[in-house]
Amino acid sequence: MSAQARALSSLRIVTLTIGAMVMITPFLYMVSTSFKAQQYVLKVPPQFIPDPATLSNYQRILFKDDFGLYFLNSLIVSVTSTTLSVLLSAMMAYGFARYRFPGREWLFRILLLGLMIPAMMLIVPQFVLAKWLGLIDSLPGLIVFYVAGTLALNTFLMRGFFEALPQELDDAMQIDGANAWRRFITLALPLARPALATATIFTFLATWDEYAWALTSIVSPENKTLPIAVALLQGPRGTQWGLVFAASIIAILPVITVFLIFQRHFVQGLTAGAVKG
Amino acid sequence: MHSLRPWLTPALFVAPGFLVYTAFILYPMLQAVIISLYDWKIVAGATSTFLGLANYVRAFNDAHLWLSLSNSAIYMLFTVPPQIALGLGIALLLQHKSPAQPLFRVLYYLPVVTSWVVVSLLFKYLFADRGLINFLLGLQVSWLSERGTALVAICALGVWKGIGWSMMIFIAALQGVPGSLIEAAKIDGAGPWQRFVSVTLPAIWPTMGFISIMLVIGGLNVFTSVQAITDGAPGGSTDVVLTHMYRTTFAFLDFGYGSAIAVLLTVLVFALSAFQLRFFRNGATS
Amino acid sequence: MSFVPTRRGALLSVAAVSALMLASPVLAQDVTIEFWGSYGNGGNSTQQDALNDTLIPAFEAAHPGIKVKYVDVPYDSLLQKLTTSAAGGELPDLVRADLGWVPQFADLGVLDPLSDTMPDFQALADATYPGVLATNLYKGKYYGLPLDTNTRVLVTSQAALDAAGLSAPPATFDELKAAAPKLKEAGFSVFADGGLGGWNILPWIWSGGGNITNPEITKSSGYLDSAENIATVRMLVDLYNAGSIPNLIIGNQGATGTSDGLPSGEYANIFDGPWMAGIWRDQYPDFTPIYAPIPAGPGGSVSVVGGEDIVVTASSPHKEAAYEFVRFTQSELFQVEMVKTGQMTVLPAYADQQASIAPFYSTFSEQLKTAKSRLAIAQGGKVDGILSAELTKAFTGEASVKDALTAAATQIDAILAAE
């Protein structure tokens with residue numbers, strides 16, 4: 001019995017390891033390419049260990065272009081949008097989950113429609129609107145639309161979670177005389193930390209990577225975000241892959257950091273949200 | 001006055017977010033629908049001709065749109081089931097707690113957090129004639145030179161990038177499967193497969209529905225990877241709905257028709273979502 | 001500033017500008033004009049540096065009160081950004097526009113017709129190459145001035161010639177056909193190109209003695225499907241079927257690009273522009289390209305005019321300042337400085353300086369004398385799409401060459417009728 005169990009366990013580890021290698025091989029290749037000079041990028045057979053290795057791609061990205069500034073812009077926009085979006089969606093989700101009111105499901109379906117329309121078709125009307133509101137070419141202009149654009153998924157995700165919270169806790173606090181807002185802040189939000197973490201990871205990723213709206217809305221070089229800077233590295237007349245991948249590796253570090261920080265809450269959050277789906 | 005009070009609390013919770021959504025998403029969405037009824041001139045202040053439903057009629061007669069839709073559908077059909085099956089399989093393997101569990105979780109999740117643009121470039125590079133895939137498999141295939149094999153590369157990317165997402169949700173769902181039921185089934189002499197079908201699967205069925213709906217929405221909206229890998233080449237044969245729409249709109253400046261395509265795709269996705277909701281709800285009750 | 005003519009150019013433009021300042025209405029206070037382009041794309045910032053560090057400061061010094069803000073936009077997204085900005089009435093004052101976009105945006109009414117609005121337009125226009133100037137013409141008016149030009153010539157790898165025992169790049173269609181089997185044996189494709197749009201196929205069509213429309217640009221049937229074009233395209237298709245042209249040409253995005261495949265020893269000949277010289281010098285220091293004219297067919301050696309035009313938007317609030325910058329782009333300082341970064345001048349007056357800066361430009365200058373421009377129509381992008389889609393069928397064998405050309409001609413007819 002125990003021999004069989006050990007064999008099964010080894011088999012499981014071997015399968016998982018092979019799978020993981022398939023999953024990360026493209027990454028390793030990307031990391032390797034970022035240390036290659038252009039003339040070694042397309043060598044046959046492909047080199048996994050760059051020879052000769054060069055730091056020039058990273059030097060170029062870190063010191064020649066204004067990557068530090070773009071990185072900071074992206075960080076400001078993503079952190080602010082994520083905070084606002086998660087807060088507003090949590091409130092909406094709580095409202096939808098905990099209260100019955102006429103037109104509730106109708107409003108919710110309208111919200112879900114926002115998940116289905118191709119975002120690029122909204123860009124022109126959004127641009128005209130942004131101009132009217134004086135939001136063009138500014139980081140607040142990015143934040144406002146990023147918040148609006150991520151509300152639907154976050155509310156969808158968190159509504160299920162709030163519905164799953166035991167009603168008795170809520171009732172008990174109500175008897176204590178706590179008003180709705182206090183119950184939301186002191187009871188619901190702390191209990192919903194896993195769901196908030198989930199929404200945070202999704203929103204940070206989405207806003208960090210957003211390209212189409214940033215491209216449309218931003219003009220001044222000092223307001224550029226990272227995705228625009230990475231796109232500028234690709235030219236109509238030949239792309240320097242080593243440079244693009246070095247920039248991309250730098251660009252994914254914050255996303256992985258956010259994932260690592262929040263992933264411990266991640267599992268629990270998704271269960272509740274998903275089961276209701 | 002009194003009859004208003006029960007509405008007031010939920011309104012205060014829902015209103016701020018919903019107002020933002022209405023102003024910055026819903027209002028532009030209505031504009032897009034209106035644009036789809038015009039031969040819309042993009043320039044501010046220009047007069048556009050009202051066409052009624054002509055753009056929609058045109059869509060139904062647009063052979064290239066149908067080809068693009070079939071490519072989107074192929075992508076959806078060949079990426080959604082593998083993402084569900086492989087995501088669930090890995091989640092089952094990762095169910096047992098072990099020191100390596102968090103490490104594996106991160107490795108499998110890594111593709112999800114990387115931007116589409118970056119991984120699309122990476123796959124274009126991997127599937128190049130002199131790329132890593134041909135090297136590892138010892139092949140001489142021009143993957144991106146024809147529709148069939150190019151779609152293989154695009155679908156491979158979709159599955160590779162999506163497995164981690166469904167895996168994480170399944171891991172979560174599996175933790176909610178009552179251990180007592182599984183033990184009971186064991187005592188009844190049920191094998192692993194029987195236990196999975198009779199206990200685990202029903203318990204995670206609603207999760208399956210959620211994942212399926214989100215993946216179908218994402219599958220039919222595939223865009224960035226196709227644009228970055230082939231942009232429709234060769235000769236438009238790998239176009240999907242959104243690359244066709246993008247070119248119509250931003251290269252040929254035919255905004256009215258582009259909007260009509262977007263509205264039709266939204267309606268299709270909405271219908272499919274409604275159908276899936278019903279399917280997974282019925283499955284859960286039966 | 002070791003470059004003497006440059007300083008003279010700056011002085012000249014100062015003088016010219018002072019004269020204009022006296023004549024034209026006084027510019028109100030400080031204005032900032034915005035200029036969009038793609039000079040800095042692709043990780044090579046030489047041109048953007050020249051613009052930001054040399055040219056714009058020189059312009060601003062000569063024009064107190066005018067500031068120029070250059071914005072680099074990803075080339076692939078520039079059209080989308082221009083379109084969206086046009087919808088919001090937020091276009092910049094100046095755009096460095098791809099040749100093909102000038103008719104498209106003129107048609108939308110967002111460009112300032114310089115031939116009507118700039119008093120000295122004719123004088124400036126007369127100084128440029130006529131073929132290059134023509135790319136700014138749409139329905140009887142000029143909407144811009146040429147900024148830089150280029151054309152495609154044959155670029156050959158010496159390694160390939162050596163390996164196949166050839167002495168010189170193919171000068172004619174026949175030499176090309178004869179070289180193909182020898183090169184194939186030596187492991188080289190005789191020719192490679194990255195697509196079948198107008199930019200790619202027109203040098204072949206024109207050199208083969210054909211055309212894609214009548215001179216009035218009203219009809220394609222009877223022109224695109226002519227016997228000359230059938231023979232030209234069949235030659236390429238035969239080479240393709242013989243394995244001497246790689247499937248990069250039908251849009252295989254996985255094939256090695258021409259700019260890497262030539263120096264790395266996959267391709268023997270490609271068509272390319274003058275900008276590659278600098279890129280190859282950095283990335284393939286051991287590679288020395290050979291430049292030669294497009295192989296001559298029954299129609300001679302005829303290439304396609306490329307480059308960018310500078311346009312002023314109709315919505316620009318600072319038109320006088322924008323015109324000043326347009327004038328500046330035609331100055332010796334601007335043109336010669338850009339020559340040093342791999343752009344070709346649009347003014348014959350500076351051709352000699354250009355040749356002394358980089359002798360290889362002479363092949364391009366020579367080719368430009370006969371080079372033609374693509375169709376000056378608003379829907380040029382659609383024509384490219386049609387050519388590419390239909391010709392692909394001829395290469396893959398889905399359709400005969402004749403049928404493919406006929407099908408393309410019919411579709412292009414419809415577009416021309418709608419113009």
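This briefing describes selected features of chains A, B and C. The structure is a predicted model. Chain A holds 13 helices and zero strands, and its contact with chain B takes 66 residues from chain A and 64 residues from chain B. In chain C, three strands form an open sheet with antiparallel pairing, and helix α3(C) has ten of its 13 residues buried.

**Chain A as a whole**

- Along its sequence, chain A follows the pattern α-α-α-α-α-α-α-α-α-α-α-α-α.
- Taken along the principal axes, the box filled by the C-alpha atoms of chain A is roughly 75 × 70 × 30 Å.
- Chain A has 277 residues, of which 49% count as buried.
- When contacts in chain A between residues at least 6 apart in sequence are considered, 79% of them join residues at least 24 apart.

**Two crossing helices in chain A**

- The axes of α4(A) and α7(A) come within 6 Å of each other and cross at roughly 35°.
- This crossing of α4(A) and α7(A) is right-handed.
- The contact of α4(A) with α7(A) comprises 19 nonpolar, eight polar and three charged residues.

**The contact between chains A and B**

- Chain A contributes 66 residues to this contact, and chain B contributes 64 residues.
- On the side of chain A that touches chain B, at least two residues each come from α1 (2-33), α4 (67-98), α5 (104-116), α6 (123-132), α7 (139-164), α10 (193-209) and α13 (241-276) of chain A.
- The helix that gives the most to this side is α13(A), with 14 residues.
- By class, the residues on the side of chain A that touches chain B divide into 52 nonpolar, twelve polar and two charged.

**The three-stranded sheet in chain C**

- The strands of this open sheet stand in the order β8-β7-β9 (chain C), with antiparallel pairing.
- At the edges are β8 (269-272) and β9 (289-292) of chain C, each of which pairs on one side only.
- Neighbouring strands of the sheet are turned by 35° against each other on average, direction ignored.
- Strand β7 (residues 153-157) of chain C is joined to β8(C) by four bridges, and the two strands run antiparallel.
- Opposite Leu154(C) stands Phe271(C) in β8(C).
- In a regular strand, side chains alternate between the two faces of the sheet.
- In β8(C), Asn269(C) and Phe271(C) point one way, while Ile270(C) and Asp272(C) point the other way, and all are buried.

**Helix α3 of chain C**

- Helix α3 (residues 75-87) of chain C has 13 residues, which at 1.5 Å a residue should span 18 Å; its end C-alpha atoms are 19 Å apart, in agreement with that expectation.
- Because ten of the 13 residues of α3(C) are buried, this helix is largely enclosed by the rest of the structure.
- The buried residues of α3(C) include Leu78(C), Leu79(C), Leu82(C), Ala86(C) and Ala87(C).
- Also buried in α3(C) are Gln80(C), Lys81(C), Thr83(C), Thr84(C) and Ser85(C).
- The cover over the buried residues of α3(C) includes elements of three chains: α6 and α11 (212-217) of chain A, α11 (241-251) of chain B, and β3 (94-98) and α4 (101-108) of chain C.
- Just after α3(C), Gly89(C) takes a positive phi of about 65°.

Methods:
Residues numbered from 1 in each chain as written. Chains lettered and ligands numbered in written order. Predicted model: local features only at pLDDT ≥ 70, side-chain atom pairs only at ≥ 80, totals over all residues. Buried ≥ 20, exposed ≤ 12 C-beta atoms within 10 Å, placed from the backbone. Contact = placed C-beta atoms within 7 Å. Pairing = 2+ DSSP bridges. Axes fitted to C-alpha atoms, helices over the stretch in contact; angles between N-to-C directions. Nonpolar A, V, L, I, M, F, W, Y, C, P; charged D, E, K, R; others polar. Left-handed = near helix turned anticlockwise from the far one by under 90°. Expected span 1.5 Å × (residues − 1).
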